[in-house]
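Here is a chain to read by its definitions. Each term gets checked against a value.

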Amino acid sequence: MNNENLNQIREVLIKIPSPQNILIFYNPISSAGNTQQTAELMATELTYSGKQVTVQTSEKKTKAYKHMKEAIAGCDLVVIVGGDGTVRKLLGIIGKTKTPIYVVPGGNESLFARTYGMSAWPDDLLRTVAAGNCLQQYYGLISGNGIKGKKPFFHMASMGLDSLTVKYIGKRNSPLNDSIYIWHGLKALCSLHHPTVSLSVDGQAVIIRESGYVIVANSSAYARNLQLVPAANPSKNELVAGFLPGARHQHELIKALKILQRKPANLPMQYFSGKRIECTLHDHAYPLQVDGDYFRNRDIKADVTVEFSISTNPIQVLIPPEYNPQLVETYQALDQRKEPATESRL
């Protein structure tokens, strides 16, 4: 780990008492397909260790969590068994209550969990709870014309093949898998056209009516280590906009190849950092994907400006005691070789 990364972690690392009252949410339609079983297993192991645990299903709508604010504020830790979409829906409440969060990977990518080396093994959660190490991490907010309030996101929002793909996938009532993504990705590639946008960062215009792929990132995590915006870091109080001018189909083929190789894309993208990023869409309406979901299930209208800003207050992420950014990729590889236990100690 280089000195810069080490200093950043020291600045945002805080120690909390070992959580005693724990609330577990599980998403029944996350792509892992076994989230309820995993949540119940985690609850059993935590209860066996003397913790007070409540388990319940996640909500489909972000606003549905508002009536749970008191319960979330009253617990010491929220454990999410699901994917990045489930995390995103809880960010606003978690940001207000300051309740630490831990995520058990249960989605198609589970970028949040993989980023911090979190696993689906009960023993790993028990060690993490006992250690009580938290990172203060910032998240992004989306607002603009026709958007009520500010919508949170943790990883990224983008317009391009990925946003077309998640639009085609649409609403679902069952788990996703790689074959579904591949099928809809091919459909999106056949009809791919990139948006024409203007970008400004902290009030300064950086892109004026150019066509290309655009991404606003809070984290460098992306599908299978693609790292389209490698400088984005939730420990920093800023967002990073990436723009690939004149994006073509061949760029998507490069991305696909790099995904298979689990390597960074290394595309000729332009990058701009700031606390407030405005994106104005020109010509035609276009879908926006946010942390892997079709944003609000409707396209961004032509000539509408969407504003991305950084949260003023960070969330607290409970991290494994051995967390090290440079070891995450190795940890993920090991985690993929094993399956969570199906039996508890009781």
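Q: How many helices and strands does the secondary structure of the chain come to?
A: The model is predicted. Its chain comes to 10 helices and 18 strands.

Q: What percentage of the residues in the chain is buried?
A: Of the 346 residues, 52% are buried. The cut-off for that word is a relative accessible area under 20%.

Q: What share of the contacts in the chain joins residues at least 24 apart?
A: That share is 76%, taken among contacts between residues at least 6 apart in sequence.

Q: Why is P122 called buried?
A: P122 has a relative accessible area of 7%. Buried means under 20%. P122 is therefore buried.

Q: Where is P122, and what does P122 contact beyond its neighbours within four places in sequence?
A: P122 sits in helix 6. Its contacts, with those neighbours left aside, are L41, M42 and E45. P122 and M42 are 80 residues apart along the chain, yet their C-alpha atoms are separated by 5.6 Å.

Q: Which residues of the largest nonpolar core touch the most other members?
A: They are I24, I72, F112 and Y116, in a core of 47 residues.

Q: What does Y116 contact, leaving aside its neighbours within four places in sequence?
A: Y116 is in contact with L135, Q137, F154, P234, V317, I319, P320 and Y323. There is also a second, separate core of 33 residues. Among its members are I147, A157, V216 and V290.

Q: What makes I259 partly exposed?
A: Its relative accessibility is 27%. Buried stops under 20% and exposed begins over 50%. I259 lies in between, so I259 counts as partly exposed.

Q: Where is I259, and what does I259 touch?
A: I259 lies in helix 9, residues 249-261. Not counting residues up to four places away in sequence, I259 touches A223, R224 and L226. N225 is 34 residues from I259 in sequence and 7.1 Å away in space, C-alpha to C-alpha.

Q: What is the phi of Q227, and where is Q227 found?
A: Q227 has a positive phi of about 50°, although Q227 is not a glycine. Q227 is found in the loop between strand 11 (204-217) and strand 12 (239-245).

Q: Why does R296 count as partly exposed?
A: R296 has 25% relative accessibility. R296 is in the loop between strand 16 (293-294) and strand 17 (305-310). Its phi is positive, about 60°, although R296 is not a glycine.

Technical notes. Residues are numbered from 1 along each chain as its sequence is written. This is a predicted model: local features need pLDDT of at least 70, side-chain atom pairs count only at pLDDT 80 or more; totals for chains, interfaces and linings use all residues. Side-chain values use heavy atoms; hydrogens and water are left out. A nonpolar core is a set of buried Ala, Val, Leu, Ile, Met, Phe, Trp, Tyr and Cys residues joined through side-chain atoms within 4.5 Å. Buried means under 20% relative accessible area, exposed over 50%, partly exposed in between (1.4 Å probe, protein chains only). Contact means heavy atoms within 4.5 Å. Helices (H or I, at least four residues) and strands (E, at least two) are DSSP runs, numbered from the N terminus.
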